[in-house]
Amino acid sequence: MNEELPRHEPLPRLFDPLLAGFQPTPSQRLTGRLLIALVRIPGALGLLRAWHARQARRR
């Protein structure tokens, strides 16, 4: 009963080729950081909601 069980070896870069197409561009990363910073400012979330509502009415 002392037999060692087979082990699965980790392959850290296994899915890199599949996930490469989903990586955000540098400009998308910058935009995301900017939006997160804006949401932290008091009252900014309401302004963003109002802007989105206005954009939706225009279309």
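D16 is partly exposed, with a relative accessible area of 35% (buried means under 20%, exposed over 50% and partly exposed in between, with a 1.4 Å probe and protein chains only). This is a predicted model, in which local features need pLDDT of at least 70 and side-chain atom pairs count only at pLDDT 80 or more, while totals for chains, interfaces and linings use all residues. Residues are numbered from 1 along each chain as its sequence is written, and side-chain values use heavy atoms, leaving out hydrogens and water.

**The salt bridge**
- D16 pairs with R13 through their side chains in a salt bridge, at 3.3 Å from N to O (a side-chain nitrogen of Lys or Arg within 4 Å of a carboxyl oxygen of Asp or Glu).
- R13 is exposed, at 64% relative accessible area.
- Searching the whole structure turns up one salt bridge.

**Overall shape**
- The protein chain has three helices and zero strands (DSSP runs: helices are H or I of at least four residues, strands E of at least two).
- With a radius of gyration of 23 Å, well over the 10 Å that the globule rule gives for 59 residues, the protein chain is more spread out than a compact globule (taken over C-alpha atoms; the rule is 2.2 Å times the number of residues to the power 0.38).
- The C-alpha trace spans about 70 × 25 × 20 Å along its principal axes.

**Burial**
- Of the 59 residues in the protein chain, 3% are buried.
- F15 sits in the segment before α1 (16-19).
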